[in-house]
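Subject: Structure handover

Hi,

Here is the structure for you to open.

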Amino acid sequence: MEDLNLVRQDSKNVDKSGEPFIKSPITKDGTTVLSNNLTSKLLGEKSASKLLVKSIASIHEGKHHRVYKVSLSTGKDLVMRIPYKLESDYSIAQKIKSEAATLDFLDLKLGLNVPKVLAYGTTNSNSLESPFILMEFISGDLLMKQWDPLAIDAEGTEEKLKFVIQPIVEFQDKALSITFNKFGSLYFFDDAKTSEQFDLPYEGEQNPLLKNRWRIGSSIEKSFAKNKNLLSEKAICEFNGPWNADKPLDLVTSIANIELENAKNRLALAQADAGSVENIENITKQIQTYENLKLLAPKLLNPTSKSIMNNKELFKPRLYLPDLDPLNVIVKDDKPYFIDFEYSTIKPFILSSYPAFVAYQGAKVYNLEEDIPGFKDMDEMEQQQYQFMFYKTRNERLWELELNEKRHEMIAIASPHIKVLKSPYVQALELKNDKDYLYVEGSIVQLQAMWDAYVANELCNTSESEFPVAYTSEYLDQHQTDLEAYQMEIVSSPFAATGGWIPQDMFVTLKDQGIIVEMENGDFKVETEKVLEDIKTEEKVLEGIKSGDKASE
């Protein structure tokens, strides 16, 4: 804190009123300081005395970070976030650099309500001896408290749901307002590589203080960091961009390449180590899947297709913020403040995904009585399953309606055909564990059945009607067997998809439901029979949906 005090006391960093002005970030002894944010509003009034830390209290232990509230001697509070050592040093450093620059861009360029960054360190070579980011503390309630995704459809329900959806759509709308010159991620000028410093991130900047503040560098999208600890920095940098604005499909190929390189590297290490606990058969299958994705990547979507409405707008480089969620929105004085911009990247909007809180991949149910034959006569459990599908469909539809109102020129992203075409890429971005490659393969298999029609309508970036991936019947049968076994594993082991991690509130809920039970020795186990009962109910629901689909045909 004394370092921050020295910077804000320095006359070179303040104007005539004594408040800081916008200038380039200052790096010293492993810490980068954004002097323009060292204001009296955030740090308290200046005085001859030192700026001291009164207390540090842990306020959140998340999946990726420890978050602390730092109380100052001036009566002000800050937030310090320290990452867990879950990724490589290189990935952690790049994430911190880019998130700090992204927050700065959202604040200074777009005027959005985000925490102001005071300082950050990307390695252990600073006074904290740890990577960190120090930000403005924003008090208030989470917008999530207002979100009731399973609210019964009644008068006023849509308004309550829109109360949460609208500010998030509005935030996204402003973030989409800038068209960039490349695909990648944002960095401060000095944090970008020398080769990346020559090109402006976007055109038309009139403010001389901002013109050379940011640059576009390598992407910090999750796939280039998560579970890539065994890859060298050099290997990652071969695939993570940045990419030219006229080559949007290179992003898809790069995701296939990074997963392929990671799987091949793991296989080589496992084969060289007799005592390895790696599942060599599983990794070999992953390699085949990512080879298939690599074949498909340059042909998935046609950037010049006349069948895609406003295709030019959809393929331009725009800022994508993957963690837009009511869990990351704090309401203060009736204003929403957005937090958490890890893994933010610049990519085509057509390759982006809906926010997780509204995204729904299941069967769509728009009207319970019209879409589901015999709904009124079903037992309560079956009705609840269909109601769940209806509510999820409704929430996604409300998001699309708000998106259409704000960005009608980009609403083609809601097309079911676009969703199917980009599904292999989206599934590859969502990998959580080793067996999730099965979902990537499954989305490729699904696409095969519709390939001819998509090529004929110029949706694919090829004129060849033959599907790029050649499957044998044996391969498809084995994939289906593996997928069904994995799905059974997932539903019978609720934590398999997250590698064993579970939020405390969900743990309590599952314990109350009897799905998690405590054993005599104090450990906990999953009550498999209870889960399997739910699976049988789910299977009955799916059979009902299939019958309903046939009836509608």
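The count comes to 14 aromatic pairs. Rings of Phe, Tyr and Trp (its six-membered ring) pair if their centres lie within 6.5 Å; planes under 30 degrees apart are stacked, over 60 edge-to-face, the rest tilted. The model is predicted: local features need pLDDT of at least 70, side-chain atom pairs count only at pLDDT 80 or more, and totals for chains, interfaces and linings use all residues. Residues are numbered from 1 along each chain as its sequence is written, and side-chain values use heavy atoms, leaving out hydrogens and water.

F105 and F180 have ring centres 5.7 Å apart and planes at 45°, so this pair is tilted. F105 lies in helix 3 (residues 89–108) and F180 in the loop between helix 4 (157–175) and strand 9 (182–183), so the pair ties together parts 75 residues apart in sequence. Helices (H or I, at least four residues) and strands (E, at least two) are DSSP runs, numbered from the N terminus. F105 is buried at 0% relative accessibility, and F180 is buried at 3%. Buried means under 20% relative accessible area (1.4 Å probe, protein chains only); exposed is over 50%, partly exposed in between. Ring pairs also link F105, F180, Y202 and W214 into a cluster.

Y120 and F188 form a stacked pair, 6.3 Å centre to centre with 10° between the planes. Y120 lies in strand 6 (residues 117–121) and F188 in strand 10 (residues 185–188), so the pair ties together parts 68 residues apart in sequence. Both Y120 and F188 are buried.

Best wishes
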